[in-house]
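Here's a quick briefing for anyone opening this structure for the first time. Have a look at the sequence and the model, then read on for the main points.

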Amino acid sequence: MKGKVFILEDDASICGLVRVALEMNGLEFKAYSTLKSFIAALGEEQPDVALLDIMLPDGSGLDALKFIKEKYPEVSCIMLSALSKEEDKVNGLNMGADDYVAKPFSVLELTARVNARLRGKQKQAVLTVDGIALNTETFVCKMDGKEIVLNRKEYELLKYFMENHGKVLSREKILAEIWGYDAGETRTLDNHVARLRKLGVKIETVFGVGYKL
C-alpha cells in the first residue's frame, strides 16, 4: 500500500522507530519536531496521514490538528500522546482527530491504524495537492475546504494536473489527453488554464513547453 505520512514528534527515538516500521511497509515518511516546521511543510505538500504528538516544545499537536482540519480536511490525523485520560482522548476526537493512540504504543498497531486510514482514502479516491481535494467518485472539488464548481473539461484538466503534480506537461500531451487532438494554435487549453488560475489553482507556465502544477 502506498501513501505519505508526516509525523509531528519531538522525541527522536520514537520518530526513528515509526520511520522504520512505516518505510518497511512501503510508505513515504517525513518527521518534524516543532509545530512551526510542520506547518511550514504543509504549505509545500500534504500527507495522506498525519501523526501528531500533543506536547511539543513550541505548542500543541492540537493546534496542528485544528490547522489541518481547517485547511486540509482530507488529511487523516492520528493523535499520539502520553495524555491517556479519557477526557484527553475525547477532546482530540471532538476537535476532528480520526484516531488516538496512547503512549507507549506498539509500532505494529500504529502501522495497522495508518494502513486502515490509507485503505479508507483509496475507497474515497480523493486526490489532494496544495489545499485542493478532488474526489474522483463524486466529482466534488474543494479548495481550502470550500467547494468550487468546475465544468467537465475543467475537472478533467485539473485531475490530470493533480495526477502529474510537479511534472512539466507539454501542450500537445495535455490536448491529446483531455481533448483527444492537437489543437495547434487554438486557445482552448490556455482559456481553461486561465479559468483554473482564477479559482486559485497554482499552474505555472513553462515557456516553449507547456504547463506544470
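**A first look**

Start with β1, helix α1 (residues 12-24) and β2, which together make a right-handed β-α-β unit. Keep in mind that this is a predicted model.

**The whole chain**

- If you follow the C-alpha trace of the protein chain along its principal axes, it spans about 65 × 30 × 30 Å.
- The protein chain has 213 residues, and 42% of them are buried.
- Take the contacts in the protein chain with a separation of 6 or more: residues 24 or more positions apart account for 59% of them.
- On the charge side, you'll find 30 positive and 32 negative side chains in the protein chain. The centres of these two sets lie 3 Å apart.

- How many of the five residues in β1 are buried? Strand β1 covers residues 4-8, and five of its five residues are buried, so-called "mostly covered".
- In a regular strand, side chains alternate between the two faces of the sheet.
- Both faces of β1 are covered. Lys4, Phe6 and Leu8 sit on one side, Val5 and Ile7 on the other, and all of them are buried.
- β1 runs parallel to strand β2 (residues 28-32), and five bridges join the two.
- β1 also runs parallel to strand β3 (residues 49-53), this time with four bridges.

- Strand β8 (residues 126-129) pairs with β9 in the antiparallel sense, over four bridges. Leu127 has Leu134 in β9 as its bridge partner.
- Strand β9 takes in residues 132-135. Ile132 and Leu134 point one way from β9, Ala133 and Asn135 point the other way, and all are buried.
- Next along, β9 runs antiparallel to strand β10 (residues 141-143), with three bridges joining them. Ile132 stands opposite Met143 in β10.
- The hairpin of β8 and β9 has two residues between the strands, whereas the hairpin of β9 and β10 has five residues between them.
- Phe139, in the turn of the β9 and β10 hairpin, has a positive phi of about 65°.

**A three-stranded open sheet**

- What is the strand order in the open sheet of three strands? The order is β12-β14-β13, and the pairing is antiparallel.
- The edge strands are β12 (169-170) and β13 (204-206), each of which pairs on one side only.
- β12 and strand β14 (residues 210-212) pair over two bridges in the antiparallel sense. If you want to find that pairing, look for Leu169, which stands opposite Tyr211 in β14.

**Backbone spots to check**

- Most residues other than glycine have a negative phi, and most peptide bonds are trans.
- Which residues does the cis peptide bond join? The bond is between Lys103 and Pro104, with an omega of about -5°. Pro104 belongs to the loop between β7 (99-102) and α5 (107-124).
- Asp130 is not a glycine, yet has a positive phi of about 50°. You'll find Asp130 in the loop between β8 and β9.
- Asp144 isn't a glycine either, and has a positive phi of about 50°. Asp144 sits in the loop between β10 and β11 (146-148). With a relative accessible area of 37%, Asp144 counts as partly exposed.

Definitions and conventions:
Residues numbered from 1 in each chain as written. Predicted model: local features only at pLDDT ≥ 70, side-chain atom pairs only at ≥ 80, totals over all residues. Heavy atoms only, no water. Buried < 20%, exposed > 50% of the residue type's maximum accessible area, 1.4 Å probe, protein only. Contact = heavy atoms within 4.5 Å. Lys, Arg positive; Asp, Glu negative; His and termini not counted. Charge placed at Lys NZ, Arg CZ, Asp CG, Glu CD. Pairing = 2+ DSSP bridges. Right-handed = clockwise from strand over helix to strand, strands pointing away.
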